[in-house]
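Please keep the sequence and the model at hand while reading.

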Amino acid sequence: MALSPEVLAEMYRRMLRIRLFEESAQALKTEGVIPGSIHLSIGQEAEIVGACMAVERRDYMLGNHRSHGHPIGKGAALAPLMAELLGRRTGVNQGKGGSMHLADFSVGSLGESSIVGSGIPVAAGAALAAQLRGEDRVCLCFFGDGASNEGMFHEGLNLAAIWHLPVIYLCENNGYGATTSAREVVAVTDIADRAAGYGIPGEIVDGQDVVAVHEVVTRAVERARRGEGPTLVEAKTYRYDNHAFGLHIENYRTTEEREQWLRRDPIPLLRDRLVADGVLSDDAAKTVEDEARAEVAAAVDFARTSPFPEPAEAFDHLFTVPLPARTAG
Amino acid sequence: MTTTHTPRPSTLLVPEARPAAEPAPASVPLARALGAGLRDAMAADPKVVLLGEDVGRLGGVFRVTDGLQEEFGEARVIDSPLSESGIVGAAIGLAMRGYRPVCEIQFDGFVYPAFDQIVTQLSRLHQRSAGHLRMAVTIRIPYGGGIHAVEHHSESPEAYFAHTPGLRLLTPSTSADAYLLLRQAIACDDPVIFFEPKRRYWERGPLTAPEDPPPPMERARVARPGTDVTLIAYGPTVRTCLDAASAAAADGRSVEVVDLRSLAPLDWPTLADSVRRTGRAVVVHEAVVTAGLGAEIAARLTEECFYHLEAPVGRVGGYHAPYPAARLEQEYLPDLDRVLDAVDRAFRY
Ligand SMILES: Cc1ncc(C[n+]2csc(CCOP(=O)(O)OP(=O)(O)O)c2C)c(N)n1
Ligand SMILES: [Mg+2]
């Protein structure tokens, strides 16, 4: 089924938001106003948006350490996300999570964790809740090639499979876990093949092609909504930057490999296609770009001018009913 | 059940645990000292193998294993998948067949996926096999805060392991101890969790300790002698306590600082001796105070030195909240002021 021009334009808009948000995060990190490490999704925007736009706002989503893009892909407002990165009280987690622990419930995100692979069984649980309550909700779970080697991957996929849970396991295979090549540490060439071990479908898709990802994930979502269980989708993609900001090590990838992937930068790829197909005029594309730039700039302003939490707020929300404070002496 | 293990002499003392190669430079960063310890251990014993995420080509995220894969090859410095439970499980299997694996867990919070293997297998296989199996496994964990990272990258999980019988826990605070304790850990036939104070990785010190022969690994060290109060610290808080001792000296107080070095077993004779002399003690660690090592130390010192104590044993440590986002970490970490306040309190009785 062909996508409407509105949906295609929205895909372009969300991909741009992610790219520009990440570029700003990079600049803010360089400036020293973002604490902690950040992992950018630059290069992976198509698989994120293609998958997120195949689900509804009410559907659940789980992310990982490289997850600034996931809530944006699902339509989140940018300002509270940026504020969280800067550790401000106006952030989605009131400045307590920071990058790697964003949880924007307004778009169905159930959160992220810096423990690689930890979201995989949690996604099964969220989907089980939907199933038990008879709700029409699926759960979209993002994780990397590296995460697919953790024990939690096996346990989570097996649970989802035996209980026919409505989960879409979206493996963002960017070829590397930090500096270690998937070719060397994943026993199969295609992670999608691992689906066979759980008796569920495994699909491979070009992660640089937002329309292709959308199509494959839409099929998986339909299957999940029909009660037929989970699907493992492997999107082949690439991250253009370092694994984490400041980890300036590139001896594990070749320049040729990077250049080859840069030629398939998902953003110009989509723009050219939309202009060629007459979906967007050059001017209209330019307008989308200007708007996205303005939105990101506004988010940065909001974040910069927001207050920090007070130190005592570190004790807030530790328990549902506050316990008498026990200090550390 | 038999193993291919060659019996070893006492592993408590490793006389050859002295930097081999060239004459030692006057002072090296703690991380370099660890690298030198790994290198010399690998050169001395072909059964020593390293396993971990990004330890090979990258040389580890903190570069502790830098250059080791080039020198010893991919069969001895193994880039593992993301698989902490797998890394420790595989190390157990290697140890069963006579290897001395050294695992690197990239950051403190990532040890939790491996917790099961450590607690349910590694710690008890020697006893469960009636002494046939030797778990000569070293698990290196960079731990603690102070590097502007988020939770899971700044934690101090040592108490979970101190609670587990069958594990040895070491943590150096100087370059000399980083080298020596790591050599001793690797040579030891028991499982050792080796906690590396990551915010001290770049602090420099001499590579060799002055003592000859070097002290056994379970011996605490009086890092600064004093007469009025004992500060008991380990890993990253030793430096904090030494600074506090200098500051207190200006006020005419003589503060003794004991660096535990070994968290399991604890060196009770050294602790009790110090506290009997000073009559006051404060334990300082980054980990949450509640049910932390300070609780154990305070209880035991109270039992053993009750009539020598002039004041209850004090504790300074992390607050009862998850390690906070980087912006707040200076509030969370025990600093000079909090240590000095606790010292003051000890004089109020
Ligand atoms: C349990 C655990 N082990 C190790 C790490 C350190 N670490 C963070 S991200 C990462 C690589 C993850 O690779 P992958 O799953 O492929 O995701 P990508 O970073 O490529 O998006 C590693 C080793 C971690 N955060 N959690
Ligand atoms: Mg990856």
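Two residues are taken to be in contact if their C-beta atoms, placed from the backbone, lie within 7 Å. In this predicted model, and leaving aside neighbours within four places in sequence, Leu231(B) is in contact in this sense with Cys241(B), Ala244(B), Ala245(B), Val255(B), Val257(B), Val282(B), Val284(B) and Val339(B). Leu231(B) is also one of the residues with the most contacts inside the largest nonpolar core, which has 190 residues, and Cys141(A), Val167(A), Ile168(A), Leu170(A) and Val233(A) are likewise among them. From chain B, this core draws at least three residues from each of domain 1 (28–205) and domain 2 (221–346). Another core, of 11 residues, lies apart from it and includes Ala149(B), Val150(B), Tyr319(B) and Tyr323(B).

Chain B also contains an open sheet of 7 strands with mixed pairing, in the order β3-β2-β4-β5-β7-β6-β12. Its edge strands, each pairing on one side only, are β3 (77–79) and β12 (262–264) of chain B. Within chain B, strands β2 (residues 48–52) and β4 (residues 100–104) pair in the parallel sense over 5 bridges, and Gly52(B) has Glu104(B) in β4(B) as its bridge partner.

In chain A, helix α10 (residues 266–276) has as its buried residues Pro266(A), Ile267(A), Leu270(A), Arg271(A) and Leu274(A). Because these fall within an arc of 130 degrees when seen down the axis of α10(A), they line one face of the helix. Their cover includes α1 (5–31), α2 (45–52), α8 (210–225) and α11 (282–305) of chain A, whereas the face of α10(A) turned away from the buried side carries the exposed residues Pro268(A), Asp272(A) and Ala276(A).

Key: Residues are numbered from 1 along each chain as its sequence is written. Chains are lettered from A and ligands numbered from 1 in the order in which they are written. This is a predicted model: local features need pLDDT of at least 70, side-chain atom pairs count only at pLDDT 80 or more; totals for chains, interfaces and linings use all residues. A nonpolar core is a set of buried Ala, Val, Leu, Ile, Met, Phe, Trp, Tyr and Cys residues joined through C-beta atoms within 7 Å. A residue is buried if 20 or more other C-beta atoms lie within 10 Å of its own, exposed if 12 or fewer, and partly exposed in between; C-beta atoms are placed from the backbone. Domain bounds come from an automatic or database domain assignment. Two strands pair if DSSP finds at least two bridges between them. Helices (H or I, at least four residues) and strands (E, at least two) are DSSP runs, numbered from the N terminus. The arc is that of the directions from the helix axis to the C-beta atoms.
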